[in-house]
Structures are given as structure tokens and as C-alpha cells.
Amino acid sequence: MFKLIKQDKITKARLGEFTTNHGTFTTPAFFPVATQGALKGITTKELYEIGADGLLVNAYHLFIRPGIEVIKKCGGLHKFMNFDKTIITDSGGYQIFSLKKMHKITDAGVEFQSHVDGKTIFLSPQDVIQAEIDLKTDVAVPLDECIKLPAAYETAANALRRTLEWAKISREYFEKNKHDGGLFFGIIQGGIYRDLRKISIEGLIKTGVDGLCIGGLSVGESEDLRYNTLSFITDEADSRYIRYFMGYGKPRDIIEAVSLGADLFDCVVPTRYARTGSAFTWRGELVIRNAPCAGDTRPLDTECDCYTCKNYSRAYLRHLINVNEILGVQLTAYHNVFWYKSLINKIRDSIAQDRFSEFKKEFLSNYSAASCGIIR
RNA sequence: GUAGGCGUAGCUCAGCUGGCCAGAGCCCUUGACUGUGGCUCAAGGUGUCGCGGGUUCAACUCCCGUCGCCUACA
């Protein structure tokens, strides 16, 4: 459950606490994405070291492989993957969106081809919730319909209607069948249309949810529209609910969204960027595979205290990545996840100390996108 | 020694019977990646076409010579 601790006076940033079956964490918070039940390249031990508050796992992927039964037999997701902090399970709504060539969506649910073996599978909103209950997730996220932007009003309205309808069905089913202490979030849709977003929020709250997911953003719209929409949503949403901006974002994005009142984030970026050879630093994004790193003896980030930065040079990491050694991905992923946690810590501290605006300004002036070799 | 083949971008090669600015893949360089299919996508660079002659309006493409490498037979 969410507890609002402090509201920033200048921006809409806020400090809070959220409690689940697996502990309490402070917000703003960032959950790395462990789609298939593993944060790519990082062990649980390392996650504890970093101080990760939780993970986002994808029920759809686990449903396909290894199958929910296997995990149930192993005592639930936490035991299965040996992680005893908060786990949020995403439903697969986004996969329907991003793997769109192979699905058919109706009010009853989704029919799609497995991305693994091509088998036709049908999932109703109840099926998804049952899977999440079987996983013993801390927070269940229901099936939704995410559309790409720009979208016509009618298109956004239809997706919203279906998402809200599914939320109601899912919530009812969840209440009847849930495990002890399980929480349920609802997803706000509605594209960039304010009246639709409003209907979405009011509908979810009426349905009864433990938190609000902000969905359907960062799917093709401009930054201006994105933040206008986000700001409208956080104005409309009751401050007693945690606001979870799904699938977002890069460092600057998170700071901007925090200042507009978002509390929780998940994003693949720290681990995906590690796999494609980029590291986050207080000076910007360092593309490790770029030539200037070849003879660079400095750590990824000269101001970072992580294991990777304390022990390895850019030159070595570039070598590992260029010759495809998995260690390169592991060390870089560790750094990126650690760095994201540091960013979150700084955001929290600055809100607590009434200097979030200053921190934001300072961060943005130091953080430049791209330009590998120039990062000092 | 004889016969045949090959020599075109850093690498592996494509360029038919001569004719628009000599190409591809890889590598390399630089971008992009936001509820993750260990990727993918976009843009970019590189060549005295082994060397020297000749034929022709025109040669990477034909002819002669030369150098280097490979294979087969002796």
C-alpha cells in the first residue's frame, strides 16, 4: 500500500513508501526489467548489493516458458528465481502491442501465436490474473490494450473501453482468487486525449485498485505531448495512489517524470544498453564500443563507486564487448543498474532535503547525451 | 619442368560473350533503441581492379610479357 510522505513545493515530485508482501520501498523507485524471470547478466546477490527495490517480470513470457505450472511447483516466482523483494508482474499487454503481427484481440481476450513455437494460444483477462496469482506476484497488472501513437480519438477510446472493461473483470477475479497480500494495479489508457484519460482514471479508482499504472505513453508521441498528458494524469489521479509510469525511461526522462508526479518506473534500458555496449554516467551516455574508449584507462564513470568502476577500465570493457564476451555485458549491466539506483537515491535525497529543483537543474546541465570519448 | 587456375575495398569474394559513376557480405566508424525475441535498424568510409606493354572510340573484362600464389601430373 502507498503512503505519501512528502510533496515537493516547487515541482510535483513526491516522496512516498510502498509496501508489498516482500517489504517496503521508498518512492520514487525504479524497477529493472527481468522479463523471463532473470535480470539479464545480474545475480540476486548483486541485486541485493546494489540495493534494488524490486523487479518487473513478465507473466506472458513465463506462461510461454517454462509454463506457470513449473513455477507453481517450485513454490512461486520469488522462490523460483531466488528473489525476496517486490516483484511486479506485467501481463503481456505490451507484448501484444509490440509483437502485433501475430495476434487477434477481442473483448473476450487475446489470441496469438506463441513467439517461441508458433502455437495458437488464447488468453482471457482472467487467465492472465490466474497466472499471476499462481506466480504469487506481489503486484498483479491486468491485461490491457496498448495502442501506438498518434492514434485517432475513436481508436484510443476503443482501446480504453476495452482496457477498463478488462480491468473490472480482472479485479473481480483477483478479489475472489487472490493470494494473501497480493496487490492489484489498474492501467490508465486513453492516448493523448484528456477526457479519455480522465474516464480511465475514474473508472479504475471506482473499480478498486491498489495503484495506478500509466500506460500508453512513450509509444510514438512527441515529448511535449507525453509530458502534457502525464501532467494531466497526475493532476487527475488521487494523490493517495502510487503512480507507476510503465516502461519508462532514460535518466532525463525519469527526472522529468518525477517532477511531474510519477512515483515508480520500470525500463529495460539499463540492461539493454549494457548489452548493446552503452553505459550511463553523470556526464551522459558512454558508448563503450566506440573507438575513443579503446585505450581509455578510466572507469566507465569516474564518479561511480560500483564494483565495475572500481576495478575495470573502459579499454577492457570495450574489448570484452567487441569480442562478445558475456563478462562485458555482466560488468556493464551491473554498473548501469547500480548507476540507476544511485540516480534514484539522489532524487529521493533531494526531495527529502527540499532541493529537487536544484538537483534537476544540476543533473541536466551535466548530463549530455552521446559523445563517448569526450566524457571525462 | 608441364598443364590448368587464381591475383578486384582490411578480410572473403561477385563482376556473363569488352560500354552508365567498379559492387556485395563481413569487419570498421557513427547514430537509434524506453511495460526486452542476447537483437534489430539507419547512415558512412575504403580501391593506381598484381605490375608493364598492346588491341580498341572504349578494357576489371581481349592479347603479349612479367611477378606472386594454388592445384594436378611428372
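Q: How many residues surround RNA strand B, and which are the closest?
A: Start with the rule: a residue is near a molecule or strand if its C-beta atom, placed from the backbone, lies within 6 Å of it. Here 49 residues surround RNA strand B. Cys146, Gly247, Gly249, Val268 and Thr271 are the closest.

Q: What kind of model is this, and how are its parts numbered?
A: This is a predicted model: local features need pLDDT of at least 70, side-chain atom pairs count only at pLDDT 80 or more, and totals for chains, interfaces and linings use all residues. Residues are numbered from 1 along each chain as its sequence is written, while chains are lettered from A and ligands numbered from 1 in the order in which they are written.

Q: Which helices and strands each supply at least two residues of the surface near RNA strand B?
A: Helices (H or I, at least four residues) and strands (E, at least two) are DSSP runs, numbered from the N terminus. Two strands qualify, E5 (54–58) and E14 (264–267). So do the helices H5 (93–98), H11 (269–275) and H14 (326–352). The largest share, 5 residues, comes from H5.

Q: How does the surface near RNA strand B divide by class?
A: Ala, Val, Leu, Ile, Met, Phe, Trp, Tyr, Cys and Pro count as nonpolar; Asp, Glu, Lys and Arg are charged; the others, Gly among them, are polar. This surface has 22 nonpolar, 19 polar and 8 charged residues.

Q: What is the strand order in the open sheet that holds E1?
A: Pairing comes first: two strands pair if DSSP finds at least two bridges between them. The order is E1-E2-E3, with antiparallel pairing. E1 (2–7) and E3 (23–27) stand at the edges with a single partner strand each, so one side of each lacks a neighbour in the sheet. From one strand to the next, the twist averages 15 degrees.

Q: How many bridges join E1 to E2?
A: There are 5, and E2 spans residues 14–20. Gln7 has Arg14 in E2 as its bridge partner.

Q: Which helix lies across E1, E2 and E3?
A: Axes are lines fitted to C-alpha atoms, for helices over the stretch in contact, and angles run from 0 to 180 degrees between N-to-C directions. Contact means C-beta atoms, placed from the backbone, within 7 Å. H14 lies across these strands, running at about 120 degrees to E2.

Q: What is the strand order in the open sheet that holds E7?
A: It is E7-E8-E9, and the pairing is antiparallel. E7 (103–106) and E9 (120–123) are at the edges, each with a single partner strand, so one side of each has no neighbour in the sheet. Neighbouring strands are turned by 10 degrees against each other on average, direction ignored. E7 is joined to E8 (residues 109–113) by 4 bridges. Ile105 has its bridge partner, Val110, in E8.

Q: Is E11 mostly covered or uncovered?
A: A residue is buried if 20 or more other C-beta atoms lie within 10 Å of its own, exposed if 12 or fewer, and partly exposed in between; C-beta atoms are placed from the backbone. E11 (residues 183–188) is mostly covered, with 6 of its 6 residues buried. Leu183, Phe185 and Ile187 point one way; Phe184, Gly186 and Ile188 point the other way.

Q: Which strands run parallel to E11?
A: E10 does, with 2 bridges to E11. In that pair, Ala140 stands opposite Phe184. E12 (residues 211–214) also runs parallel to E11, with 4 bridges. Ile188 has Ile214 in E12 as its bridge partner.

Q: What should I check in the backbone?
A: Most residues other than glycine have a negative phi, and most peptide bonds are trans. The bond from Thr27 to Pro28 is cis, with omega near 0 degrees. Pro28 is in the loop between E3 and E4 (29–32). Another cis bond joins Tyr248 and Gly249, with omega about 10 degrees.

Q: Is Lys136 buried or exposed?
A: Lys136 is buried, with 23 other C-beta atoms within 10 Å. Lys136 has a positive phi of about 60 degrees although it is not a glycine. Asn324 also has a positive phi, of about 65 degrees. Asn324 counts as exposed, with 8 C-beta neighbours inside 10 Å.

How values were computed:
Two residues are in contact if their C-beta atoms, placed from the backbone, lie within 7 Å.
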